[in-house]
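Please keep the sequence and the model in view while reading.

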Amino acid sequence: MQHQSTAHDNIPASPFAGEAPDMFFGLPMAMARAMALRGERIGNDRAQVRMGFQPEQANSRGEVHGGSIATLLDCTLAASARAHDPATYGVATIDLTLHYVAAGTGDLIATARCERRGRSISFARGEVHAEDGTLIAMATGSFKLVPRQPKPAGA
């Protein structure tokens with residue numbers, strides 16, 4: 001039997017552990033609180049993000065809405081694109097392609113890998129799994145790296 005890698009193989013623990021709910025891998029993002037996104041791991045061109053289940057983000061069947069899954073993938077792929085220096089870069093999504101494979105319930109865990117990083121454009125792919133390991137969705141995307149502006153002295 002082949003070894004099946006775990007979702008966090010080769011992804012270091014986040015240096016931003018314990019950050020406020022409206023922060024996402026060191027960057028302020030109010031949507032992280034609204035979507036219950038928690039950055040769990042980042043580094044080595046990879047990221048792992050958990051989205052806590054919230055009934056108000058469910059579809060008419062009580063499953064996680066596809067739009068919420070798309071947000072989770074967008075944020076996780078974007079995080080992998082800046083995983084080489086997460087405090088220095090933000091990103092802007094250029095395109096995102098998703099494939100839904102199964103319905104999701106409960107907390108969902110996304111992992112992503114930056115496949116290629118250029119000077120300003122990065123390409124990433126990732127997956128979302130339920131806590132029991134069921135594949136829920138897959139995505140690819142391209143992202144523009146945006147250098148963060150340093151805070152002025154005294155700010």
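## Basis of the report

The model is predicted, so local features need pLDDT of at least 70 and side-chain atom pairs count only at pLDDT 80 or more, while totals for chains, interfaces and linings use all residues. Residues are numbered from 1 along each chain as its sequence is written, and side-chain values use heavy atoms, with hydrogens and water left out.

Helices (H or I, at least four residues) and strands (E, at least two) are DSSP runs, numbered from the N terminus. Strand S3 (residues 37-43) is largely enclosed by the rest of the structure, because five of its seven residues are buried. Buried means under 20% relative accessible area, exposed over 50%, and partly exposed in between (1.4 Å probe, protein chains only).

S3 pairs with strand S4 (residues 46-51) in the antiparallel sense over six bridges; pairing requires that DSSP finds at least two bridges between two strands. Ile-42 stands opposite Ala-47 in S4. Two residues lie between the strands of this hairpin, and Asn-44 takes a positive phi near 55°.

## Salt bridges

The whole structure holds eight salt bridges, each defined as a side-chain nitrogen of Lys or Arg within 4 Å of a carboxyl oxygen of Asp or Glu. One of them joins Asp-45 and Arg-117 at 2.7 Å, N to O. Asp-45 lies in the loop between S3 and S4 and Arg-117 in strand S6 (residues 108-117), so the pair ties together parts that are 72 residues apart in sequence.

Glu-115 forms a salt bridge with Arg-113 (3.7 Å, N to O), and also with Arg-125, where the closest N and O atoms are 2.5 Å apart. Arg-125 belongs to strand S7 and Glu-115 to S6, so this pair links parts ten residues apart in sequence. Elsewhere, a network of salt bridges connects Arg-38, Glu-40, Arg-50, Asp-107 and Glu-131.

## A buried serine

Ser-122 is found in strand S7 (residues 121-130). Its relative accessibility is 0%, so Ser-122 counts as buried. Leaving aside residues up to four places away in sequence, Ser-122 touches several residues, including Ala-81, Cys-114, Arg-117 and Phe-143; contact means heavy atoms within 4.5 Å.

## The second largest pocket

Thirteen residues line the second largest pocket, and Phe-24, Leu-27, Met-29, Ala-78 and Val-91 lie nearest its centre. The elements giving two or more residues to this lining are strand S2 (27-28), helix H2 (66-81) and strand S5 (89-100). H2 supplies the largest share, four residues. A pocket is an open set of points on a 1 Å grid over the protein atoms alone, where a 1.4 Å probe fits, with protein on both sides within 12 Å along at least five of seven lines; lining residues have an atom within 4 Å of a point.
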